[in-house]
Amino acid sequence: MEPQLEVKQQTELKRKTRLSKDRAMAVAFLAPSFILILIFIYGFIGWTGWVSVSNWNTLVPDFSFAGLKNYIYLFGDYRFQADLRNTVFFTILFIGLVIILGLGLSILIDQKLKGESIFRNIFLFPMALSFVVTGVVWQWLLNPSTGYNKFLQVFNIQPKWYTDTKILAGFEWGQIEFGLPVAIFAVVIAAVWQMTGFSLAMYLAGLRGIPEELREAARIDGASEFQIYRKVILPILMPITVSVVIIMAHISLKIFDLIYAMTGSGANFVTDVPGVYMFETTFRGNYYANGAAIAIIMLLLVAVFIVPYLISSRRGDQ
Amino acid sequence: MKKLFSLIFVLFLAIFLGACSSDSANDTPSDSDEGTSGEKNGGAVEIFSWWTGAGEEDGLLALIDLFENKHPDIKVENAAVAGGAGTNAKAVLATRMQGNEPPSTFQVHGGAELNEGWVAADKMDTLNDFYEEQGWMDKFPQDLIDMVSKDGNIYSVPVNIHRGNVIFYNKHVFEENGVEVPVTFDEFFAAADKLKAAGVTPLALGDKEAWTATQIFENILLGVLGQDDYKGLFSGDVAFDDERVIEAAELFKKTLGYVNEDHASRNWQDAAQLVGNGEAAMTIMGDWAKGYFSNDMKLETNVDFGYTTTPETNGHFMVITDTFGLPKGIENPDDVKEFLAVLGSVEGQDAFNPLKGSIPARVDADVSKYDQYGKDTMEDFKAAKLSASLAHGSAAAEGFLTKVNQAVNIFVTQQDVDNFINALKNAASDL
């Protein structure tokens with residue numbers, strides 16, 4: 001064993017000296033950003049985690065250990081239960097619609113139609129706005145006494161949009177009525193309006209990357225146009241769908257600005273989300289530990305989506 | 001290629017280090033200030049507020065002008081933070097206070113927001129000697145001085161007073177429907193029924209932010225409980241499941257039956273607009289709504305719109321007062337005291353308040369500078385029993401208020417009195 005080890009060490013050493021210069025450069029380049037990220041992202045995530053198990057629920061910091069008290073409080077809290085319900089339905093509706101509309105529009109645009117770039121720009125444009133602007137605009141468009149309802153008067157329909165407090169298919173669950181809050185549709189419409197352009201662009205790029213030969217081959221095999229999309233195009237676009245889901249999921253789970261600008265918490269918290277609750281309880285109520293606990297829960301929710309993606313993409317790399 | 005990289009890296013390092021050192025360069029002058037605090041031109045007096053809206057900003061600037069004329073040697077910095085009716089400013093303030101970088105002086109509502117917040121956190125200096133020096137002890141009402149005091153120590157200087165228990169009503173709508181101005185709850189509901197039957201929304205509410213509804217509830221509480229027991233709610237002497245609180249919740253529920261259907265999509269200005277336009281008859285709002293009626297909607301006081309106290313709170317005054325105090329650990333307390341002296345002077349209050357549309361906190365201000373509403377309110381203020389507003393953080397700590405706002409938000413939709421009382425009782429354990 002001994003000599004073998006020595007030989008190994010020697011070759012190692014040789015490689016090291018050869019690489020040492022490159023390596024030093026690489027370390028030197030990476031170190032500043034690595035250190036900054038370590039402190040300002042992971043350091044503060046750790047700090048937030050620590051605050052979330054402390055007793056700091058007044059203006060005066062109190063870092064005594066509270067165990068899971070803040071988490072237990074939150075999961076028993078009417079507002080937080082409503083937030084989780086809203087987040088679930090918002091995320092499902094938002095991602096679903098963004099994918100369906102983005103894919104549909106990109107397929108239509110891909111049909112080599114005239115003035116394609118005009119359409120592309122029209123659909124992409126909302127993405128250039130900030131969520132706050134979108135929120136303010138849609139707040140008025142979907143306001144029950146102004147906006148679309150003025151037009152809908154002709155048909156005698158007057159939806160209450162985001163002021164509707166009805167819960168569809170609701171049943172008692174914990175403290176809240178679990179079901180689909182009607183008001184969340186209004187927020188979904190605004191969010192979808194803004195983000196569809198993104199998935200459209202992704203899918204369009206994907207479609208453009210599919211060689212014509214593949215379609216030709218499928219046609220020769222006698223596939224119908226619909227079958228080509230179902231059996232050939234969509235499977236090829238799968239990685240894009242995954243990316244869109246991941247990106248949209250982390251937007252929708254962390255959404256704050258759109259809802260804060262558009263509806264606020266809503267009557268009976270029908271449009272409230274963890275982000276808004278976190279802001280209000282921390283900076284209005286001075287419940288810092290509760291706010292930190294909400295932040296950690298949001299982080300874990302996003303991690304549910306991101307971590308499997310990271311693992312699978314790492315496997316893909318290897 | 002490698003050389004290029006190392007060059008870039010060195011450049012990057014240089015910028016990075018440069019940024020660090022320029023930071024410390026900025027720090028040095030303030031460090032040396034502490035050493036030579038005798039010099040007047042130390043740090044500027046930084047005035048932290050959320051006064052950025054029409055009227056209030058004009059008032060603040062007038063105040064700063066007045067101060068600069070009196071003390072041309074002291075620099076003033078207006079550090080107002082816009083947005084969220086003060087929420088954004090409070091978030092910034094909390095960060096700065098916890099980082100031990102307090103502004104020279106900051107806007108804070110008198111009452112619990114000051115006493116249970118910054119005073120309890122041991123961040124404020126006492127101003128007892130300063131009050132004596134300025135001869136202010138009998139210039140502010142005793143009830144008001146109590147609101148900015150904790151354990152006998154005074155901590156801030158009130159600059160203005162707003163009234164929370166006001167009903168603004170559309171005079172034309174009242175006349176057309178033959179409705180008398182209500183004084184009691186019975187009269188209020190009778191008037192509301194009459195208006196409803198005539199197809200007018202009796203009460204305009206915009207509770208997109210829950211505090212507007214909380215404000216209605218606090219006024220009902222005051223009407224039912226009276227000054228002492230209203231106060232007792234927050235000191236723990238009166239329980240939240242007291243019969244009278246339940247009665248107040250029932251009245252609140254009844255009141256909510258008369259509001260506009262789209263209340264959840266409106267803020268208080270949108271609600272006031274309904275009254276101004278004659279679509280609704282009344283709105284319960286603090287008297288900053290008066291500025292909205294006369295400045296934004298160009299309506300004439302006592303011709304187009306009138307005002308009265310909320311039911312059964314005649315002789316009461318729900319106080320919302322903006323005050324400024326002296327944080328601990330600032331560099332130039334003497335300069336800041338000069339500013340507070342101007343702020344608390346008759347001249348200062350009369351410069352600020354007519355523009356802001358509030359009334360002065362002092363009882364000896366010049367009445368002729370104020371409009372009719374101001375004159376009436378100043379008259380009431382001298383004689384009325386003062387109570388601290390819950391909805392604006394004066395009656396109880398912000399944490400309790402946040403929970404009450406949540407309970408109110410749920411109650412407005414569910415209208416379940418038992419649940420509501422329970423939620424209030426649970427929240428009261430934080431008091």
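I'll start with helix 16 of chain B, residues 398–414, which has 17 residues and reaches 24 Å from its first C-alpha to its last, close to the 24 Å expected at 1.5 Å a residue. Keep in mind that this is a predicted model. Of those 17 residues, 15 are buried, so helix 16 of chain B is largely enclosed by the rest of the structure. Just after the helix comes B:Gln415, with a positive phi of about 55°.

A word on confidence. The average pLDDT of chain B is 88, and 90% of the residues score at least 70. The stretch to treat with care is residues 16–41 of chain B, where pLDDT stays under 50. For that stretch the model has 7 contacts beyond four places in sequence. Where pLDDT is low, the predicted coordinates should not be read in detail.

Now the interface. What do chain B and chain A bury between them? About 3000 Å², with 60% of it on carbon and sulfur atoms. On the residue level, chain B puts 34 residues into the contact and chain A puts in 41. Polar contacts across the interface of chain B and chain A come to 10 residue pairs, both residues being at pLDDT 80 or more. The count of salt bridges between the two chains is 1. That salt bridge joins B:Glu209 to A:Arg284, and their closest N and O atoms are 3.9 Å apart.

Which helices of chain B supply at least two residues each to the side that touches chain A? They are helix 1 (2–35), helix 3 (87–98), helix 4 (112–119) and helix 16. Helix 16 of chain B gives the most to that side, with 10 residues. So the helix I opened with is largely enclosed, 15 of its 17 residues being buried.

A:Leu38 sits in helix 1 of chain A, residues 2–52. A:Leu38 is partly exposed, at a relative accessible area of 45%.

B:Gly278 lies in the loop between helix 11 (268–277) and strand 9 (280–284) of chain B. B:Gly278 is partly exposed, with a relative accessible area of 25%. Leaving out residues up to four places away in sequence, B:Gly278 touches B:Asn170, B:Val173 and B:Val200.

Is B:Ser294 buried or exposed? Buried, because its relative accessible area of 18% falls under the 20% cut-off. A polar atom of the B:Ser294 side chain lies 2.9 Å from the backbone oxygen of B:Lys290. Again leaving out residues up to four places away, B:Ser294 touches B:Leu299 and B:Phe305.

How values were computed. Residues numbered from 1 in each chain as written. Chains lettered and ligands numbered in written order. Heavy atoms only, no water. Helix = DSSP H or I, 4+ residues; strand = E, 2+ residues; numbered from the N terminus. Expected span 1.5 Å × (residues − 1). Buried < 20%, exposed > 50% of the residue type's maximum accessible area, 1.4 Å probe, protein only. pLDDT = per-residue confidence, 0-100. Contact = heavy atoms within 4.5 Å. Buried area = accessible area lost by both parts, 1.4 Å probe. Salt bridge = Lys/Arg side-chain N within 4 Å of Asp/Glu carboxyl O. Polar contact = N/O pair within 3.5 Å; in protein donor to acceptor, adjacent residues only side chain to side chain.
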